Amino acid sequence: MIDIILVPWFGAFATGIVCRFTKKFGYVPVLTSLIALLLTIWRAPAFLTGVVTLEIWAQAPYGIALEADAFNGTMALLAGLIFTLVAIYSVRYIGEDEKYVQFYALYQLFVAGTLGIILTGDIFNMFVLLEIASISSYALVSYALDKESVAGGLRYMLISALGTSIFLLGVTFLYALAGTLNIAHLVVMLQGVNTPVLFAAFSFLFIGVGVKAAVIPLYLWKPKAISATPIPVATLVSGISTATAVYILMRLTYTIFSVYSGIISSILLYAGVLTMLLGAFMALLEPDVKKVLAYSGISQVGYAFLAIGFATASGIFAGIFHIINVVLGEALIFLSLGYVILHTGEKNLHKLGGLAPKMPLAAAAFLFGSLSVVGVPPLNGFASKWLIYLEGISTNHILATAVALVVSALTLGYYMKAFSAIFLGPGKWADFKSDWRLDYPILILLALCLVIGIYPPIIYPLLQPATDALLTVSGYLGVLA
Amino acid sequence: MIEYSACFILMLIGLYALLMKENVVKKIMGLSIFGSGINLLLITLGFRHTFETAVIPIIGPEVSYAALVAQSVDPLPQVLVLTAIVIDVSVVALALFLGINAYKQFGTLRMEEWKE
């Protein structure tokens, strides 16, 4: 299973060698992400029914273990798919000039780091790979080295480095309590423990994860960073980084810290509600269209936190489904926005307008993507949001469900405002010649959103084992056998 | 007890510098101090046995294998700290590069004035 991580890793270094021989080095990330995705799909029957493990150097608690159960594997499939599509997109968006070699190398390091976080079974290994992915993303965000990129990237870097250091502090406390770093072994060693030190460990880990996921009050890096980066990087940082952070949080909450389920649920519930509200209100006021999308991403993470905070099996099912839908929908919106920025170079809503006749595919993609994030029926967002509302009512969190409904309406508000400001109305622009590298990822994402939306049970064979695997802690202990 | 407090005071000093100082170089120094505080905490947690009998976990002429097993301090946090130091160095290097670049473009090191 380590080949899933090693292929993009070596690809990152191979990009420099490939660029000596051919001008088409931009396709190396596409190739390595696709290989990683295919390797994950190849292992899918194994991890959907059991646990796939790989032990490095020594037996499980003494060596580092990679462990994929159904939850990990589903997240890895999602990540691999988005990485491949965004890689194809960025060949056209970023360009194939010599000076972008490091961009493609950093892209693959980010892929390797993120797939490693998702697939690892050792918490310090998770920290190291989190740092690898984070450092790659700091460099990717500030790649253009103009004023906005450097300012936004440095701010993102300082806040996020602080967050991952606090994550290390949480790992320290866990090691002090349990004497081990393997996640499955931590579950065994922390069986009857309920001291304030354990709660302190969880708090530090939560803050570290919260900085990456951009929840209240740790979201301040996100709007400026997303506004300053090129679209492919914005998709990765806003979608995949956030989904990975939510994955880490769910793994910690349900596997290691299951003794604190009640307290953690309340924290997640409050954090989720506040995040949803704040993201929606801030997005309504923004003139910069990329900041609108950044706040929208923050708001949707609030929904995922809300679903996890309900602390029931259906709540977790809805939460995982919502993360997948949000990642797909947001990728669709960001990539369709890329057409606009590529063609006009303009990010301000007041200066755009009337682009729909020139780029009909982008307009349709933006429309469907935003309807998916809002939660309108024939699209995938509706299925997951409906499940969240049902779960909220059946667990008696009426106020939280009402807030979720109101935030959905606000989401519709700012997306329709953005859509009409960019694509409708008068405006004179030159013709735009599109490219298969821009069109095919959008078409694939659009097809996925529509298919999952029209027939949601098509994805249940991935989601149901994922929920069961997350809640059945004894299944995760298979690596220790 | 005093050694753990020292680690936390170091972390608080780093956090103060990161949050309250306006100069970007001071912020990066604060981040580095914060990381050093965490590394110090991690190593201090690994101390076991007493001050007189504890040995370093390196097998060599002075420390035999039996002495390592019976008397050494915990080597695992030291491995974690080595990794964490390397990561902190990389982050500080990248941050300083961005800081220098920002200074060349904005003309000032005060982060509040990077508005354009």
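My entries on the cavities follow.

I noted at the outset that this is a predicted model, in which local features need pLDDT of at least 70, side-chain atom pairs count only at pLDDT 80 or more, and totals for chains, interfaces and linings use all residues. Residues are numbered from 1 along each chain as its sequence is written, chains are lettered from A and ligands numbered from 1 in the order in which they are written, and side-chain values use heavy atoms, with hydrogens and water left out.

I looked for cavities (on a 1 Å grid over the protein atoms alone, sets of points where a 1.4 Å probe fits but cannot get out), and I found five of 30 Å³ or more. A volume here is the space filled by probe spheres set on the points, which are joined across faces, edges and corners.

The largest cavity holds about 90 Å³, and its lining residues (those with an atom within 4 Å of a point) include Ser238(A), Thr242(A), Gln300(A) and His322(A). Among helices (DSSP runs of H or I, at least four residues, numbered from the N terminus), α11(A) gives the most to this lining, with five residues, while α13 (289-309) and α14 (313-344) of chain A each supply at least two. I recorded seven nonpolar, five polar and no charged residues there, counting Ala, Val, Leu, Ile, Met, Phe, Trp, Tyr, Cys and Pro as nonpolar, Asp, Glu, Lys and Arg as charged, and the others, Gly among them, as polar.

I then turned to the second largest cavity, of about 70 Å³, where α11(A) again gives the most, with four residues, and where α5 (101-119) and α6 (123-141) of chain A each supply at least two. Its lining divides into six nonpolar, four polar and one charged, and Phe110(A), Leu130(A), Lys212(A) and Ile248(A) are among the residues that I listed.

Methods: 1 Å grid on protein atoms, 1.4 Å probe; cavity = no way out; pocket = protein on both sides within 12 Å on 5 of 7 lines; lining within 4 Å.
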